[in-house]
Amino acid sequence: MTTQVPLPSDIRLHLKSRTLELVYADGTFELTAEFLRVHSPSAEVRGHGIGNGVLQTGKKHVGIKGVEPAGNYALKITFDDGHDSGLYTWEYLHDLAHNQADYWQRYLDQLKAAGASRDNGLIARG
């Protein structure tokens, strides 16, 4: 028996705040463009095999240009840094939304361990 992945009842792209809002029966989740970009399911990010992922750096200011359905099973997200490969399946989006805090902390830990930065050395303004 397979479990049906819950589909969002609503999806809203907020360009100004650079977030994608997903509404599920159990809550509303806002995923930042940066979070979605660094967790892209593309081969460029995940790599072409287990353990071959590429740590994404300097994506703090990335935005989302557009979102479109890919069949009935996924969303295609186009980012303003030109990245548009990798399909975010409903299952993957649900997982990202519901485990966002854990995944984000893991990403921050990986950046720290690599001596890398979210803003690629740009000077942060207060």
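User: Which residue in β6 does K76 stand opposite?

Analyst: In this predicted model, K76 stands opposite L87 in β6. Residues are counted from 1 along each chain as its sequence is written, and side-chain values rest on heavy atoms, without hydrogens or water. Local features require pLDDT of at least 70 and side-chain atom pairs 80 or more, whereas totals for chains, interfaces and linings use all residues.

User: Why are β4 and β6 said to stand at the edges?

Analyst: The open sheet has three strands in the order β4-β5-β6, with antiparallel pairing. β4 (64–70) and β6 (87–89) each have a single partner strand, so one side of each is left without a neighbour in the sheet.

User: What span is expected for α4?

Analyst: The expected span is 1.5 Å times one less than the number of residues. Helix α4 (residues 100–114) has 15 residues, and its reach of 21 Å from first C-alpha to last is close to the 21 Å expected.

User: Why is Y107 called buried?

Analyst: Buried means under 20% relative accessible area, exposed over 50% and partly exposed in between, with a 1.4 Å probe and protein chains only. Y107 has a relative accessible area of 3%, and is therefore buried. In α4, Y103, Y107 and L111 are buried, and seen down the helix axis the buried residues fall within an arc of 80° (taken from the directions from the axis to the C-beta atoms), so they line one face of α4. On the other side, A101, D102, K112 and A113 are exposed.

User: Why is the pair of W104 and Y107 called tilted?

Analyst: Rings of Phe, Tyr and Trp (its six-membered ring) pair if their centres lie within 6.5 Å; planes under 30 degrees apart count as stacked, over 60 as edge-to-face and the rest as tilted. A search of the whole structure finds four aromatic pairs. The rings of W104 and Y107 have centres 5.3 Å apart and planes at 40°, so this pair is tilted. F35, W104 and Y107 form one aromatic cluster.

Terms used: Helices (H or I, at least four residues) and strands (E, at least two) are DSSP runs, numbered from the N terminus. Two strands pair if DSSP finds at least two bridges between them.
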